[in-house]
Amino acid sequence: MVHMHITAWVVGLILFFIASSMYKSGKMKPATIVHMILRLFYLIIIASGILVLNELGFNLSNLNGEYIGKIILGIVTVAMMEMVLVKMKKEKPAKVFWIIFIIALVLTILLGIRLPGGIFHM
């Protein structure tokens, strides 16, 4: 399940950068299609993340702070991806959302690598 989660994130990030470059170049219709596919991947990312936690034997009563932090950072990363694309679609500045996205993404990846069940603990 960890592999599915990582694959979903990689595909989601690729779709995110494709959509953002399309919005930036003014190709609104194709960018909207890619954006909608990306929204499906948001759901796959969240669902696979829940399944990874379930596979590791966690439930709401025995999660520690690092796992809760990873969950929150993952949700913030997805939210900032969406906010960046919505702002770009409306042709408004998205610099703050880009900064938050990059910080949240780096922290999420680092926590994902560090925690048991991460890439170095498989």
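Contact here means heavy atoms within 4.5 Å, and helices (H or I, at least four residues) are DSSP runs numbered from the N terminus. The structure is a predicted model, in which local features need pLDDT of at least 70 and side-chain atom pairs count only at pLDDT 80 or more, while totals for chains, interfaces and linings use all residues. Residues are numbered from 1 along each chain as its sequence is written, and side-chain values use heavy atoms, with hydrogens and water left out.

H1 has 24 residues and spans 35 Å from its first C-alpha to its last, close to the 34 Å expected at 1.5 Å a residue; the expected span is 1.5 Å times one less than the number of residues. Buried is used for residues under 20% relative accessible area, exposed for those over 50%, and partly exposed for those in between (1.4 Å probe, protein chains only). Among the buried residues of H1 are Val 2, His 5, Trp 9, Leu 13, Phe 16 and Tyr 23. The cover over the buried residues of H1 includes H2, H3 and H4. After H1 comes Gly 26, with a positive phi near 90°.

Helix H2 (residues 28-55) holds 28 residues and reaches 40 Å between its first and last C-alpha, close to the 40 Å expected at 1.5 Å a residue. Just after H2, Gly 57 adopts a positive phi of about 85°.

Ser 48 is buried, at a relative accessible area of 0%. Leaving aside neighbours within four places in sequence, Ser 48 is in contact with Met 1, Met 4 and His 5.

The packing of the helices can now be followed pair by pair. Axes are lines fitted to C-alpha atoms, for helices over the stretch in contact, and angles run from 0 to 180 degrees between N-to-C directions. Angles under 35 degrees count as roughly parallel, over 145 as roughly antiparallel, 65 to 115 as roughly perpendicular and the rest as oblique. The axes of H1 and H3 come within 9 Å and cross at roughly 20°, which means that H1 is roughly parallel to H3. The crossing of H1 and H3 is left-handed, a term for a near helix turned anticlockwise from the far one by less than a right angle (right-handed if clockwise). In this contact, residues of H1 including His 5, Trp 9, Gly 12 and Phe 16 meet residues of H3 including Lys 70, Gly 74, Val 78 and Met 81. By class, the contact of H1 with H3 comprises 10 nonpolar, 5 polar and 3 charged residues. Ala, Val, Leu, Ile, Met, Phe, Trp, Tyr, Cys and Pro count as nonpolar, Asp, Glu, Lys and Arg as charged, and the others, Gly among them, as polar.

For H2 and H3, the axes come within 11 Å and cross at roughly 175°, so H2 is roughly antiparallel to H3. Residues making the contact include Thr 32, His 35, Leu 38 and Tyr 42 of H2, together with Ile 71, Val 78, Glu 82 and Leu 85 of H3. The contact of H2 with H3 has 10 nonpolar, 2 polar and 3 charged residues.

Helix H3 (residues 65-89) packs against helix H4 (residues 95-114) at an angle of about 150°, with the axes 8 Å apart. H3 is therefore roughly antiparallel to H4, and their crossing is left-handed. The contact of H3 with H4 contains 15 nonpolar, 5 polar and 4 charged residues. Thr 108, found in H4, is buried, with a relative accessible area of 7%. Apart from neighbours within four places in sequence, Thr 108 is in contact with Lys 70, Leu 73, Gly 74 and Thr 77.

Glu 91 is found in the loop between H3 and H4. Most residues other than glycine have a negative phi. Glu 91, by contrast, has a positive phi near 55°, and at 65% relative accessibility Glu 91 counts as exposed.

Methods:
Helix = DSSP H or I, 4+ residues; strand = E, 2+ residues; numbered from the N terminus.
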